There are 2 protein chains.
Amino acid sequence: MPKLVDHEGRRARIVEATWRLIAERGVEGATMRAIAEAIGMANGALKHYFPDKNSIIRTAFTHVFDATNERVRERLRGRTGMAGLRIFCEEVMPLADLTDLEARVVLPFWQRALADADLRQVYTDAMALWRNQIIEFLHQGRAEGFVSTSTADDVVAEQLLAMLNGFQSLALLDAASGTADVQRRTVEAFLGSLQ
Amino acid sequence: MPKLVDHEGRRARIVEATWRLIAERGVEGATMRAIAEAIGMANGALKHYFPDKNSIIRTAFTHVFDATNERVRERLRGRTGMAGLRIFCEEVMPLADLTDLEARVVLPFWQRALADADLRQVYTDAMALWRNQIIEFLHQGRAEGFVSTSTADDVVAEQLLAMLNGFQSLALLDAASGTADVQRRTVEAFLGSLQ
């Protein structure tokens, strides 16, 4: 049992060091050597976790995606419909220091996924999960009387999903729409238009 | 005069070869050697045009952006308001072979821009131009009686701009929303909701 705990702990430390290195130094800065140094581990032992560069970026993206979902889950506390959807959007948008760092993992991940079918599958699965989650919030919103738009839920979900993806590049790279305030106003108006 | 024409022609050939190489082989495949080979030019002469890797990706992105705007201009032929906005969206979305290739330049450009202030400025300027163009279409749409949403034009523009950015990653990397049909339906419903 103690051995298993150590192993899991080590894996968690590797994942944490990996996504932070990518976020802070870029994907080129997250070398095997830099990751090994950050957690005080032998370069060779790390190869067991990361056979290649794309496995590093996959691990980082998956961690960021899981962490986002975990924050949404923690904040929901039984809230559904539009209240739930609002919380979901706030955690996905790069509004704060942490979510800004997370977006710095997403952009290199996208670039790598262009030439890697496994990474594209990870992204497709992630977006399918979010799409379904948004649709569920919309269903609840309709049942609760807060959503009455004539646009079908799957279409609204696609609009919101595209918008949230777009904020990843706009917030990080475009000073004009990079503020948390602009993002909030933009999404808030969209959610308001669903009533 | 003939010399100037040759120089411009060579520059155009370099730009064309560069963005196509990035689109087809990825940013790693668009080496100085590969570009030089593609246009039958000495590696050394090419350095005059591209002092570093980021100048290659900047050239490719600027070409894709300019080409998109040129297609919009050609198709507009006096159309304004919602008709104009529809044409604009169709040329920006990765709906066809060409626009799909163009998006393959955009994702590596974003990744590089994370660590390069000059590239971010190019992107910020590009988005400012599109933002203003969308707002102008919306103003015209209101004057023509086809836009009556209570959401302010600058907020609508930000929503659409985020959505169009989001399609660059969704269309290329997510099979589920990658079809031209889904993108068209998504944007068409959004434009329809502005009436």
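Helices (H or I, at least four residues) and strands (E, at least two) are DSSP runs, numbered from the N terminus. The views below show a predicted model, in which local features need pLDDT of at least 70, side-chain atom pairs count only at pLDDT 80 or more, and totals for chains, interfaces and linings use all residues. Residues are numbered from 1 along each chain as its sequence is written, chains are lettered from A in the order in which they are written, and side-chain values use heavy atoms, with hydrogens and water left out.

**View 1. B:Q168 in helix α8 of chain B.** Helix α8 of chain B, residues 153-173, contains B:Q168. This residue counts as buried, at 8% relative accessibility (buried means under 20% relative accessible area, exposed over 50%, and partly exposed in between, with a 1.4 Å probe and protein chains only). A polar atom of the B:Q168 side chain lies 3.3 Å from the backbone oxygen of B:V92. Beyond its neighbours within four places in sequence, B:Q168 is in contact (heavy atoms within 4.5 Å) with residues including B:P94, B:A103 and B:W110.

**View 2. B:F88 and the largest nonpolar core.** A nonpolar core is a set of buried Ala, Val, Leu, Ile, Met, Phe, Trp, Tyr and Cys residues joined through side-chain atoms within 4.5 Å. The largest one has 134 residues, and A:F88 and B:F88 have the most contacts inside it. Not counting residues up to four places away in sequence, B:F88 touches B:V72, B:W130, B:Q133, B:I134, B:F137 and B:L164. In soluble globular proteins, nonpolar side chains tend to be buried together.

**View 3. The interface of chain B and chain A.** Each side is named in turn: 38 residues come from chain B and 38 residues from chain A. The area buried between the chains (accessible area, 1.4 Å probe, that two parts lose on being put together, summed over both) is about 3,200 Å², and carbon and sulfur atoms give 66% of this area. B:Q111, B:L114 and B:L173 supply 21% of the area that chain B buries against chain A, more than any other three residues. Because 100% of the interface residues of chain B are also interface residues in chain A, the copies meet through the same surface.

**View 4. The salt bridge of B:R185 and A:D154.** A salt bridge is a side-chain nitrogen of Lys or Arg within 4 Å of a carboxyl oxygen of Asp or Glu. The side chains of B:R185 and A:D154 form one, at 3.3 Å from N to O. Four salt bridges are found across the interface of chain B and chain A. On the side of chain B that touches chain A, α8(B) gives the largest share, 14 residues.

**View 5. The salt bridge of B:R71 and B:E91.** The closest N and O atoms of this pair are 2.6 Å apart. The two residues link distant parts of the chain, 20 residues apart: B:R71 lies in helix α4 (residues 53-76) and B:E91 in helix α5 (residues 81-92) of chain B. B:R71 is buried, with a relative accessible area of 16%, and B:E91 also counts as buried, at 11%.

**View 6. The salt bridge of A:R20 and A:E24.** These side chains meet at 3.7 Å, N to O. Both residues lie in helix α1 (residues 2-25) of chain A, four residues apart, about one turn of the helix. A:R20 counts as partly exposed at 31% relative accessibility, whereas A:E24 is exposed, with a relative accessible area of 52%.

Notes. A polar contact is a pair of N or O atoms within 3.5 Å; within protein, one must be able to donate a hydrogen and the other to accept it, and residues adjacent in sequence count only if both atoms are side-chain atoms.
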